[in-house]
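Okay, thanks for coming, everyone.

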Amino acid sequence: MTTTQPDPSFPDDLVRAIEATLFAAEEPMSAEQIALHLGFGDKGAGQVRPGLAELARHYEGRGILLVERGRRWHFETAPDLAHLLRLEKEELRRLSRAATEVLAIVAYHEPVSRAEIEAIRGVQTAKGTLDVLMEAGWVRVAGRREVPGRPVIYATTPVFLDHFGLASLKELPGIDELRAAGLLDPVDEDAIGAALTPRAKPAVDDAAEV
C-alpha cells in the first residue's frame with residue numbers, strides 16, 4: 001500500500017489560514033490581530049509571525065506581495081506591475097515647501113508638538129499646513145503631551161509608511177542619501193537638513209499652545 005506523502009512545497013494549515021485571513025481583511029492587520037482572529041489569544045502573535053514570514057517568502061517575485069508596513073501586514077501589487085492596474089493617470093500631488101518641511105520634522109522627530117515643529121523650522125506653522133498632511137493621511141494626532149497646557153502632538157501614519165514603501169521609520173533615509181538620490185531641491189536643502197538634526201528646544205513654551 002502506497003502512502004501519499006505531503007508536498008513540502010505546499011503551505012501548512014496555519015500559513016493557509018493566515019493567507020485566507022489577510023486576503024479577506026478590509027484593512028492591514030497586525031500579527032496580534034491575526035492571532036486573535038485565529039483563536040490564539042492575546043499572546044499568540046509569536047505563533048503567527050513565522051507563518052507570516054513563510055507566506056511573504058512564498059509571494060516573493062509574484063504579481064502580488066505580502067508586505068509589512070508599520071507592524072501591519074497586507075497584500076499589494078508588485079511595484080513593477082502597478083501601472084497595469086491604473087485605469088486613470090494619477091495627478092502627482094506636490095506638497096508646498098512648508099508642508100514638506102513639516103512632514104520631514106514629524107517623521108524624524110515624532111511625536112512632536114506644533115511648538116517643537118516651529119522651533120526646528122524657525123517660523124510659525126500655519127494650521128492649514130498640518131491639515132493638508134492629515135487630509136493626505138500621512139500625519140495624525142497622536143495625543144497630548146503630559147506637560148502644563150497638554151499640547152497636541154503629531155506622528156506619522158501607516159499610510160505614510162505604505163506610500164513611501166517603508167516597513168518602519170527606521171528605514172527613513174539620511175540627508176546624504178536624499179542628496180545622492182537627487183531628491184533634495186537645493187532651495188529646500190537647508191530646511192530639510194534642519195529637520196533631520198536632533199530636536200531643538202522649543203523657542204515657545206508648549207504650555208502656550210492652544
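When I say contact, I mean heavy atoms within 4.5 Å. This is a predicted model, so local features need pLDDT of at least 70, side-chain atom pairs count only at pLDDT 80 or more, and totals for chains, interfaces and linings use all residues. Residues are numbered from 1 along each chain as its sequence is written, and side-chain values use heavy atoms, with hydrogens and water left out.

Let's start with Thr 157, which sits in the loop between β6 and α7. Helices here are DSSP runs of H or I, at least four residues, strands are runs of E, at least two, and both are numbered from the N terminus. Buried or exposed, our Thr 157? Buried means under 20% relative accessible area, exposed over 50%, partly exposed in between, with a 1.4 Å probe and protein chains only. Thr 157 has 10% relative accessibility, so it counts as buried. Setting aside neighbours within four places in sequence, Thr 157 is in contact with Gly 137, Trp 138, Val 139 and Arg 140.

Now, the cores. A nonpolar core is a set of buried Ala, Val, Leu, Ile, Met, Phe, Trp, Tyr and Cys residues joined through side-chain atoms within 4.5 Å. The largest one has 19 residues, and Val 102, Leu 133 and Phe 160 are among those touching the most other members. Which helix gives the most to this core? That's α4, with 6 residues. Apart from that core lies another, of 16 residues, including Ile 18 and Phe 75.
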